[in-house]
Amino acid sequence: DTEVTQTPKHLVMGMTNKKSLKCEQHMGHRAMYWYKQKAKKPPELMFVYSYEKLSINESVPSRFSPECPNSSLLNLHLHALQPEDSALYLCASSPPSGETQYFGPGTRLLVL
Amino acid sequence: AQSVTQLGSHVSVSEGALVLLRCNYSSSVPPYLFWYVQYPNQGLQLLLKYTTGATLVKGINGFEAEFKKSETSFHLTKPSAHMSDAAEYFCAVSTGGGKLIFGQGTELSVKP
């Protein structure tokens, strides 16, 4: 089973709100990723967690805060977002060998 | 540095016709190559991958791709297009370290 789940599917938030996105996988993968995707564009890497430690931060603004509570879960905490942060947020995971990433269905975020 | 170029942002074929989506890559080390498909309002689904071994790779839904090192190409083909193949297709390269480099994507339209 190569399933990555994400909740919620859709999220609308104001610029002063705090919300969180959740990602879960039960494939024993030890690397997890957050991507941001704008319409008609490829996904852009935001963060990488390897063995529950943050290994890559692609200079993402601090209003995005990732968290990896355990090897199956990945959260993205959102605070004081801007309208330009509206996008599809994708989570992915990969096995310890690392080369193949499996993506979740995404959370479509709208910031008003 | 690694890079991926997808020739043609939009490809249109008739149902039953050959599908050919072009991907060229640049990599200083042996690459891992991937094709992902993204249907509207969904996440990315892995179609196929090349890591090592046989250069002709078969994937899901009747797609296949051939790794040609001399041409630095990894074109995606399907002998007969189906209406359900209409989607966005992304070629990607990975050289380890948790980063996937995506091409800009090719939107495939299938005409009845």
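A strand here is a DSSP run of E with at least two residues, numbered from the N terminus, while helices are H or I runs of at least four. A pocket is found on a 1 Å grid over the protein atoms alone, as an open set of points where a 1.4 Å probe fits, with protein on both sides within 12 Å along at least five of seven lines, and lining residues have an atom within 4 Å of a point.

The model is predicted, so that local features need pLDDT of at least 70 and side-chain atom pairs count only at pLDDT 80 or more, whereas totals for chains, interfaces and linings use all residues. Residues are numbered from 1 along each chain as its sequence is written, chains are lettered from A and ligands numbered from 1 in the order in which they are written, and side-chain values use heavy atoms, with hydrogens and water left out.

Stay with the largest pocket and select A:Lys40, B:Gln38, B:Pro40, B:Asn41 and B:Glu88, which lie nearest its centre among the 18 lining residues. The space in the largest pocket is about 350 Å³, a volume being the space filled by probe spheres set on grid points that are joined across faces, edges and corners. Coloured by class, its lining shows eight nonpolar, four polar and six charged residues; Ala, Val, Leu, Ile, Met, Phe, Trp, Tyr, Cys and Pro count as nonpolar, Asp, Glu, Lys and Arg as charged, and the others, Gly among them, as polar.

Next, go to the second largest pocket, which holds about 240 Å³ of space. Select A:Lys36, A:Glu44, A:Leu45, A:Met46 and A:Glu58, the closest to its centre of the 15 residues that line it. Strand E5 (44–50) of chain A and strand E10 (100–102) of chain B each give two or more residues to the lining of this second pocket.

Now show the two chains together and select their contact (heavy atoms within 4.5 Å), to which chain A and chain B contribute 21 residues each. Between them the chains bury about 1600 Å², 55% of it on carbon and sulfur atoms, where buried area is the accessible area (1.4 Å probe) that two parts lose on being put together, summed over both.

Two salt bridges are counted between chain B and chain A, and the count over all chains comes to seven.

For a salt bridge inside chain A, select A:Asp85 and A:Lys36, with their closest N and O atoms 4.0 Å apart. A:Asp85 sits in the loop between strand E8 (73–79) and strand E9 (87–94) of chain A, and A:Lys36 in strand E4 (residues 31–37), so the pair links parts of the chain that are 49 residues apart.

In that loop between E8 and E9 of chain A, select A:Ala80, which has a positive phi of about 55° although it is not a glycine. Finish at A:Pro8, in the loop between strand E1 (4–7) and strand E2 (10–13) of chain A, where the peptide bond from A:Thr7 to A:Pro8 is cis, with omega near -10°.

Conventions. Salt bridge = Lys/Arg side-chain N within 4 Å of Asp/Glu carboxyl O.
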